[in-house]
Amino acid sequence: MEKTQKKPRQYSVEFKLCAILDKLENGLNYFETVRKHWNLSTTAEANKYANRLKLWERKYLEGGVQGLRLRRAFVIAFGFGVCHPCRA
């Protein structure tokens, strides 16, 4: 029997911004924010989403709301985004 691949879930910029701002304004850590916005209880599930939240937060801090809007393929193809000094 063949495994079916799940299509990656896409989140709106509004959802990403809401989660990030909630974390920053209320001093929540990643796991508290994940449990609040994704309604999860197990640590294994929360780890996956905490990593996603860390990525969104970095994009937001580097590029603001526009950083959350840019897609990876678009960033690579057109060279948008902030170059990390270690990767230069």
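A salt bridge here is a side-chain nitrogen of Lys or Arg within 4 Å of a carboxyl oxygen of Asp or Glu. R58 and E62 make one through their side chains, at 3.5 Å from N to O. The two are four residues apart in helix α3, so about one helical turn separates them. Helices are DSSP runs of H or I with at least four residues, numbered from the N terminus.

Some ground rules before going on. This is a predicted model, in which local features need pLDDT of at least 70 and side-chain atom pairs count only at pLDDT 80 or more, while totals for chains, interfaces and linings use all residues. Residues are numbered from 1 along each chain as its sequence is written, and side-chain values use heavy atoms, with hydrogens and water left out.

**Confidence**

pLDDT is the predictor's confidence in each residue, from 0 to 100. The protein averages 78, with 69% of the residues scoring at least 70. Helix α1 comes out highest, at a mean of 93, and helix α4 (residues 72-78) lowest, at 48. Residues 73-88 have a pLDDT below 50, and beyond near neighbours in sequence that stretch has seven contacts in the model; contact means heavy atoms within 4.5 Å.

**Salt bridges**

There are three salt bridges in the structure:

| Pair | N to O distance |
|---|---|
| K36 and D22 | 3.0 Å |
| E57 and K23 | 3.4 Å |
| R58 and E62 | 3.5 Å |

K36 in helix α2 and D22 in helix α1 are 14 residues apart, so to speak a link between distant parts of the chain. For accessibility, buried means under 20% relative accessible area, exposed over 50%, and partly exposed in between (1.4 Å probe, protein chains only). On that scale D22 is buried at 8%, whereas K36 is exposed at 53%. Leaving aside neighbours within four places in sequence, D22 touches G27, L28, K36 and H37.

E57 and K23 are both buried. R58, at 37%, is partly exposed, and E62 falls in that class with 36%.

**Aromatic rings**

Seven aromatic pairs turn up in the structure. Rings of Phe, Tyr and Trp (its six-membered ring) pair if their centres lie within 6.5 Å; planes under 30 degrees apart count as stacked, over 60 as edge-to-face and the rest as tilted. Y11 and W38 have ring centres 5.8 Å apart and planes at 85°, so they are edge-to-face. Y11 sits in the segment before α1 and W38 in helix α2 (residues 30-38), so this pair ties together parts 27 residues apart in sequence. F15 and W38 are edge-to-face too, with centres 5.3 Å apart and planes at 80°. W38 is buried at 13%, but F15 is partly exposed at 23%. Y11, F15, W38, Y49 and W56 make up one aromatic cluster.

**Around S12**

S12 is in the segment before α1 (13-26) and is partly exposed at 35% relative accessibility. A polar atom of the S12 side chain lies 3.1 Å from the backbone nitrogen of F15.

Terms used: Polar contact = N/O pair within 3.5 Å; in protein donor to acceptor, adjacent residues only side chain to side chain.
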